[in-house]
Amino acid sequence: MQEPLLGAEGLDYDTFPEKPPPSPGERARVGALQNKRVFLATFAAVLGNFSFGYALVYTSPVIPALEHSSDPDLHLTKTQASWFGSVFTLGAAAGGLSAMVLNDLLGRKLSIMFSAIPSAAGYALMAGAHGLWMLLLGRTLTGFAGGLTAACIPVYVSEIAPAGVRGALGATPQLMAVFGSLSLYALGLLLPWRWLAVAGEGPVLIMVLLLSFMPNSPRFLLSRGRDEEALQALTWLRPADADVHWEFEQIQDNVRRQSSRVSWAEARDPHIYRPVLIALLMRFLQQLTGITPILVYLQPIFDSTAVLLPPKDDAAIVGAVRLLSVLIAAFTMDLAGRKVLLFVSATIMFAANLTLGLYVQFGPRPLAPNSTVSLETLSLAGTEQPPATPTSYLTLVPLLATMFFIMGYAMGWGPITWLLMSEILPLRARGVASGLCVLVSWLTAFVLTKSFLLVVKAFSLQVPFFFFAAICLVSLVFTGCCVPETKGRSLEQIESFFSRRRSFLH
């Protein structure tokens, strides 16, 4: 019987061999906790994720406004609203595809900076839109930028971060994406939809300015033969008392062993395809939990269910809960480990999706139709729910269940999926494979987002939630069988693990 890819750490099984403490490398990683420069470089990069999160949920307050627009050129039908919500994911898929080339051609940092061009252009088009084509093109361009940064930023952060804080820093892309979404929800209560697009330009400009002063990834520089520049970058990123030369030699040795790109023949090697396949499946399952359609259609979903609070307020509350949950994950990821949080995350999401499905099936109806995308006429078909009263506490169920779903996602399958992608992918294939992961992720998101309203129309609103709940159960099994525990391990140790171990994926 073949051993599983990963087992629990214990007396009889240890995922990676421990290094004898205290080694110079361990002291360097501890010292990095006091090095503000690596945190500054991370902050500069993840501003791209802030813009991504902001752009992703831009449609939540904008679709209702445009469906009631008096301008016939901007008035959205249900079909047009569906395209406006989903075309972002097509752009993100194209961005992930381009990252397969740009990540290794330009490097991680320059690829992130390049994303500012389509992002700024997209926001400008939406801010000055005079027709549907400008809205769709602007949405596609911001999606392209988001897909590019989604592939490049986690790789950049993982390659500059010491092992001891890589979990916390690895959660910052998701944290900033959540903060960007929350900012959009909050500003949506105050600003017209055009000014929401104008406000999106700010973080993009700040990101480019800060990254201009940050170093590139030492691993990328070494892979391009720029050894002296790589040493300077690593020295800048580490505290003065760190043993930079020890860490540099470890990275240099690993890069030399992988000086060439992966060929198609080598791609069949288990130590190459196993981590790539795990990363791909994680991104696929991450989207199938329903996170993207729920975020994109968050306010319309609340519009179509009986809720105690106004849907705009509900959306802002959910955004705040999402931010808090990612903060919790960031502080516990290097303590509890990745797998524990993934288990907790999938369990919470399963319970929340099941609750939402049961509520829509058996819960109260809205007193009056108020949906912006006609969900309310579709979600209750074939059931006889009692009408809700404005003060019924039962109508808090959709809000609470959505809060728990977002909390569960943000604690595990949100940030950890991005982190593990950047940790387990082999260096030789990291640029291409990370782009492929983003491509698969956003193609899946497009299919889900585009088909969500169609499924609701054909089968009612509870069906998607029951499907998402079933996927969460699959995620639990997948985590137990296939996902590695990478807490406290260097990227070189993780890569060494895959070159030694066998699994059922072999």
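**Figure 1. A charge over a ring: Arg 139 and Phe 84.** In this predicted model, the charged end of Arg 139 sits over the ring of Phe 84, at 5.9 Å from the ring centre (a charge sits over a ring if NZ of Lys or CZ of Arg is within 6 Å of the ring centre and within 35 degrees of the ring normal). Residues are numbered from 1 along each chain as its sequence is written, and side-chain values use heavy atoms, with hydrogens and water left out. Local features need pLDDT of at least 70 and side-chain atom pairs count only at pLDDT 80 or more, whereas totals for chains, interfaces and linings use all residues.

**Figure 2. Aromatic pairs, with Phe 52 and Trp 442 in view.** The count comes to 9 aromatic pairs, where rings of Phe, Tyr and Trp (its six-membered ring) pair if their centres lie within 6.5 Å, and planes under 30 degrees apart count as stacked, over 60 as edge-to-face and the rest as tilted. The rings of Phe 52 and Trp 442 have centres 5.4 Å apart and planes at 75°, so this pair is edge-to-face. Because Phe 52 lies in helix H2 and Trp 442 in helix H22 (residues 430-459), the pair ties together parts that are 390 residues apart in sequence; helices (H or I, at least four residues) are DSSP runs, numbered from the N terminus. Both Phe 52 and Trp 442 are buried (under 20% relative accessible area, with exposed meaning over 50% and partly exposed in between, for a 1.4 Å probe and protein chains only).

Figure 3. The ring centres of Phe 465 and Phe 468 are 6.4 Å apart and the ring planes stand at 80°, so the pair is edge-to-face. Phe 465 and Phe 468 are 3 residues apart in helix H23 (residues 462-482) and are therefore separated by about one helical turn; Phe 465 is buried, as is Phe 468. One aromatic cluster is formed by Phe 50, Tyr 54, Tyr 123 and Phe 179.

Figure 4. On a 1 Å grid over the protein atoms alone, a cavity is a set of points where a 1.4 Å probe fits but cannot get out, and lining residues have an atom within 4 Å of a point; grid points are joined across faces, edges and corners, and a volume is the space filled by probe spheres set on the points. Among the residues that line the largest cavity are Phe 52, Gln 174, Arg 322 and Trp 442. Helix H2 (36-56) and helix H16 (291-296) are the elements that give two or more residues to this lining, and H16 gives the most, with 3 residues.

Figure 5. At least two lining residues each come from H2, helix H6 (116-127), helix H7 (132-160) and helix H11 (201-211). Ile 206 lies in helix H11 and is partly exposed, with a relative accessible area of 45%. Ile 206 and Gly 48 are 158 residues apart in sequence and, C-alpha to C-alpha, 9.5 Å apart in space.

Definitions and conventions. On a 1 Å grid over the protein atoms alone, a cavity is a set of points where a 1.4 Å probe fits but cannot get out, and a pocket is an open set with protein on both sides within 12 Å along at least five of seven lines; lining residues have an atom within 4 Å of a point.
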